[in-house]
Amino acid sequence: VSGGRNFPFNMNSAGAMRMLRVARRGQVVCAGWRRLMSAEPPRVPLWIDGKAVQSKTTKWIDVINPATQQVMSRVPCATQDEMQAAVDSSAKAFKTWRNVPVSERQRVMFRFQALIRTHMEELAALVTAEQGKTLADAKGDVFRGLEVVEFACGVASHMMGETVEQVGTGIDTYSYRQPIGVTAGIAPFNFPAMIPLWMFPLATATGNTMIFKPSEKVPGAGMRLVELATEAGMPPGVVNVIHGANDTVNFICDSPEIQSISFVGSNQAGEHIWNRGSAGGKRCQCNMAAKNCGVVMPDALPTQAVNALVGAAFGAAGQRCMALSAAVFVGDSKAMLSSLVEKAKALTVNGGTEQGAEIGPLISKQAKERVEALIQSAVDEGATLLLDGRGVSVPGYPNGNFVGPTVISGVKPHMKCYTEEIFGPVLAVMTFKTEEEAIALANNSDFGLAGAVLSGDATRGQRVARAFKCGIAWVNCSQPCFCQAPWGGVKRSGIGRDNGEAGFNSFLEVKQITEYKSTKPWGWYIPPGFTRPLPEPAAKL
């Protein structure tokens with residue numbers, strides 16, 4: 001263990017996997033782990049000026065393994081002085097980092113992506129230990145983030161400006177795309193590796209510095225990634241990490257040195273960040289909640305449609321903003337419902353490290369209680385449970401936050417299980433006679449992140465996708481998330497975009513420079529005694 005006695009995140013992949021197995025079973029397999037799992041859990045440090053810093057706070061938050069309820073570590077609620085020290089460090093680093101040649105910043109990204117590949121198993125193990133998702137899903141979490149770092153390696157071509165020669169007589173105009181300054185990233189619990197890698201690699205590759213706040217529920221992978229970035233050559237202060245909850249978020253919103261905020265998470269937090277941060281002049285990019293529909297047409301290929309719905313509704317235990325939590329069967333397509341229920345029933349719910357596990361636990365007891373309450377509300381409002389995942393028993397994990405796959409039919413648009421984001425392995429099913437009715441339902445929502453249409457007719461698929469009022473539309477698939485394409489929603493699902501060209505743009509300002517190359521007077525105001533020249537007439541064709 002490096003980075004200080006209380007910093008348990010730097011270990012080889014074998015050590016990380018051993019840590020994970022111990023945490024799952026509550027066993028002691030070595031003297032070193034016995035010390036780590038003593039009465040005082042290890043304390044997560046801050047990361048300021050290129051090194052781990054132990055907080056002097058008196059307020060700590062437990063990081064709890066969702067399969068066992070074991071306290072894995074404790075996260076500090078950083079003090080005001082500590083947070084200000086992080087901002088001061090990033091502000092100082094920006095003065096030099098912005099002037100580092102873009103080719104050198106690219107080389108840092110190349111080294112960083114190589115280190116992530118080397119430590120893939122270790123990072124995935126940290127994700128599973130703290131967040132609960134299966135190891136296969138955790139590896140996907142890390143890999144999707146790695147792709148963003150690879151994307152950032154090509155930053156130079158995304159910072160090119162525009163030029164107009166001879167825009168006026170003797171005048172050229174051109175533009176630069178310049179870094180904003182000190183930025184901030186606030187990440188959620190559900191993708192502990194991918195979403196941090198949506199944030200600080202693009203921010204730093206474009207010449208900014210970043211104050212990064214990982215979710216207080218899952219700090220391990222984010223901390224380790226920042227440590228690897230430092231090992232890759234990221235100078236001190238370019239990425240600093242602070243921890244905490246509401247007070248930390250408010251500090252970020254209010255800090256005059258921070259110029260922009262990137263956020264992914266709930267509406268309650270995102271709308272607060274947008275209102276408070278933008279009031280102080282910050283550029284705020286907030287990707288928030290969703291209620292995504294999968295529309296199944298009668299001509300959909302049954303196997304393809306069922307596989308897409310099952311993966312989209314129950315993968316990652318439904319804890320994805322892009323999850324399809326509602327399925328709309330049009331016409332005869334409802335015949336596929338029985339196959340969907342059987343496939344969902346066959347999914348294996350287990351601790352994330354177990355072989356064959358397909359669904360892990362929810363992040364917390366409170367999340368489990370909320371999901372189960374939404375299931376019950378559907379029953380109370382007259383819907384029918386075709387598959388009830390409440391009370392699922394997982395051998396070896398009696399205290400886990402498990403909810404099994406749940407399928408609810410007879411759902412109406414006014415029911416809570418449809419109007420609210422569930423964030424659990426629950427699929428609400430509705431049936432309609434026509435394509436137009438299905439589209440109207442999908443669009444009748446406060447949210448607008450994503451929608452999917454499953455159809456054997458390419459023309460119909462494109463027609464429905466264009467009609468969706470959302471930021472992302474899938475045709476005959478669901479859940480693809482590619483860093484080369486913009487990611488974000490409309491309505492209450494968010495403001496701004498991550499990834500793609502838009503992802504770079506969110507960290508850049510465009511500066512226009514106009515240069516006059518003549519000594520003759522020119523301008524909106526001509527000095528006395530001079531006559532403003534008129535433009536030359538265009539040549540006759």
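This is a predicted model: local features need pLDDT of at least 70, side-chain atom pairs count only at pLDDT 80 or more; totals for chains, interfaces and linings use all residues.
View 1. Seven aromatic pairs are found in the structure. In one of them, the ring centres of Phe 189 and Phe 423 are 5.9 Å apart and the planes meet at 80°, so this pair is edge-to-face. The two residues come from distant parts of the chain, 234 residues apart. Phe 189 belongs to the loop between β7 (182-186) and α8 (194-205), while Phe 423 belongs to the loop between α15 (416-419) and β16 (426-432). Is Phe 423 buried or partly exposed? Its relative accessibility is 21%, so Phe 423 counts as partly exposed.

**View 2. Tyr 397 and Phe 402 form another ring pair.** Here the ring centres lie 6.2 Å apart with the planes at 65°, which makes the pair edge-to-face. Tyr 397 has a relative accessibility of 2% and so counts as buried. Phe 402 is buried as well, with a relative accessible area of 2%.

**View 3. Charged side chains sit over aromatic rings.** Two spots are worth a visit. At one, Arg 43 lies over the face of Trp 60, 4.4 Å from the ring centre. At the other, Lys 133 places its charged end over the ring of Phe 191, at 4.1 Å from the centre of that ring.

**View 4. An open sheet is built from three strands.** Reading across the sheet, the order is β5-β6-β22, and the pairing is antiparallel. Val 164 makes a handy landmark, as it stands opposite Thr 173 in β6.

View 5. How many disulfides does a search of the whole structure find? The count is zero. Take Cys 286: the closest cysteine sulfur is that of Cys 284, 5.6 Å away, which is too far for a bond. Cys 286 is also buried, since its relative accessibility is 0%. Cys 483 is likewise in no disulfide, and the nearest cysteine sulfur, in Cys 481, is 8.2 Å away. With a relative accessible area of 4%, Cys 483 is buried.

**View 6. Helix α9 is mostly covered.** This helix runs over residues 220-231 and has twelve residues. From its first C-alpha to its last it reaches 17 Å, close to the 16 Å expected at 1.5 Å a residue. How many of the twelve residues are buried? Ten of them are. The buried residues include Gly 220, Ala 221, Gly 222, Met 223 and Arg 224. Further along α9, Leu 225, Val 226, Glu 227, Leu 228 and Ala 229 are buried too.

Note on methods: Residues are numbered from 1 along each chain as its sequence is written. Side-chain values use heavy atoms; hydrogens and water are left out. Two strands pair if DSSP finds at least two bridges between them. Helices (H or I, at least four residues) and strands (E, at least two) are DSSP runs, numbered from the N terminus. Rings of Phe, Tyr and Trp (its six-membered ring) pair if their centres lie within 6.5 Å; planes under 30 degrees apart count as stacked, over 60 as edge-to-face and the rest as tilted. Buried means under 20% relative accessible area, exposed over 50%, partly exposed in between (1.4 Å probe, protein chains only). A charge sits over a ring if NZ of Lys or CZ of Arg is within 6 Å of the ring centre and within 35 degrees of the ring normal. A disulfide is a pair of cysteine sulfur atoms within 2.5 Å. The expected span of a helix is 1.5 Å times one less than its number of residues.
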